[in-house]
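Me: Here is a model I'd like to explore with you, one question at a time. Please give me the cut-offs as we go.

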Amino acid sequence: MSAVLKTIWLIESRFRDNELSLETMATHAGVSRSHLSRIFPILTGRQLSTYLRGRRLTEAARELADGAPDILNVALDAGYGSHEAFTRAFRDQFGVTPDEVRRRRSLDTLDLVEPLRMDSPEKVALAPPVVEDRAALRIAGLGSHFTFKTMDSIPHLWQRFGPYIPEMRSDGPPPAFGITGAMPEGADGFDYFAAAPLAKGRELLPGLTEMTLPAGTYARFKHEGHISGIRATCGAVYEQGMPALGREPDTKWFSFVEYYGPDFEPSTGLGTVEIWVKLKN
């Protein structure tokens with residue numbers, strides 16, 4: 001997996017982290033600082049520091065347009081130590097102040113920096129899936145609608161959901177599930193739900209939504225390598241895996257499920273990841 005794809009994933013997973021330095025990103029990508037600084041703009045057309053700053057300010061602008069009550073909290077989340085420093089950077093980036101965006105509740109005229117695509121050109125060789133019957137599972141999490149142009153910002157939803165996960169533990173780190181909703185023909189995008197199991201008797205945490213993964217037969221395809229290549233694996237599931245299995249997917253409830261094992265580490269993008277497809281009987 002390329003150093004640039006790993007870096008894009010790290011930024012989208014941790015751009016709120018004030019300690020996300022060039023050194024950290026280079027170490028994660030497995031290259032030197034100078035190599036990453038050189039190769040990132042060659043392949044993306046953007047300077048690494050400019051992209052990181054633009055992503056932070058773009059998501060801050062979205063929060064302001066949604067009516068965030070406290071600009072200082074937005075500034076701190078974006079990595080700025082004061083209202084004044086945030087306002088200067090925001091004005092330099094967009095030509096307007098944070099107060100103006102919050103007042104007009106609109107992102108019109110702002111040149112937003114959207115996530116760079118994390119497509120992988122690599123061909124994926126899938127191992128045969130594990131096919132198993134599963135009981136219904138109660139889960140809870142956060143959901144949002146994504147278009148095909150904005151789906152690379154899904155890691156931002158996981159950033160929001162991440163702080164809830166420790167509170168949902170019962171006897172150790174829980175797995176997590178990314179539920180990709182149905183994609184009917186002609187749809188502009190899909191609903192996505194980031195969730196974790198809700199233990200029996202555990203009350204729903206404020207701010208979360210509950211849903212149930214239905215009982216049924218599932219095919220579990222293993223994703224190999226870094227998480228930034230998951231889209232290539234999803235494509236291979238439907239291009240290779242399902243035809244070879246000779247079963248039809250049941251998309252009544254969702255398109256597929258991303259399963260993240262308890263050992264998966266969001267900060268590195270490594271660990272157990274599977275794509276689950278519910279099968280028709």
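Reply: A pocket is an open set of points on a 1 Å grid over the protein atoms alone, where a 1.4 Å probe fits and protein lies on both sides within 12 Å along at least five of seven lines; lining residues have an atom within 4 Å of a point. The model is predicted, so local features need pLDDT of at least 70 and side-chain atom pairs 80 or more, while totals for chains, interfaces and linings use all residues. Residues are numbered from 1 along each chain as its sequence is written, and side-chain values use heavy atoms, without hydrogens or water.

Me: Which residues lie nearest the centre of the largest pocket?

Reply: The largest pocket has a volume of about 530 Å³, the space filled by probe spheres set on its points. Both α1 (3–14) and α8 (154–161) give two or more residues to the lining. Of its 22 lining residues, those nearest the centre are W158, G162, I165, F264 and P266.

Me: How many residues of that pocket's lining are nonpolar?

Reply: Ala, Val, Leu, Ile, Met, Phe, Trp, Tyr, Cys and Pro count as nonpolar, Asp, Glu, Lys and Arg as charged, and the others, Gly among them, as polar. The lining has 3 charged and 5 polar residues, and the nonpolar ones number 14.

Me: How are α2 and α3 oriented to each other?

Reply: The axes of α2 (residues 22–29) and α3 (residues 33–44) come within 9 Å and cross at roughly 90 degrees. L22, E23, M25 and A26 of α2 touch R33, L36 and S37 of α3, with contact meaning heavy atoms within 4.5 Å. Angles of 65 to 115 degrees count as roughly perpendicular, and the two helices are therefore roughly perpendicular.

Me: What is the angle between α1 and α3?

Reply: A3, V4, T7 and I8 in α1 meet L36, I39, F40, L43 and T44 in α3. This contact comprises 7 nonpolar, 2 polar and no charged residues. The axes lie 10 Å apart, at an angle of about 90 degrees.

How values were computed
Axes are lines fitted to C-alpha atoms, for helices over the stretch in contact, and angles run from 0 to 180 degrees between N-to-C directions. Helices (H or I, at least four residues) and strands (E, at least two) are DSSP runs, numbered from the N terminus. Angles under 35 degrees count as roughly parallel, over 145 as roughly antiparallel, 65 to 115 as roughly perpendicular and the rest as oblique.
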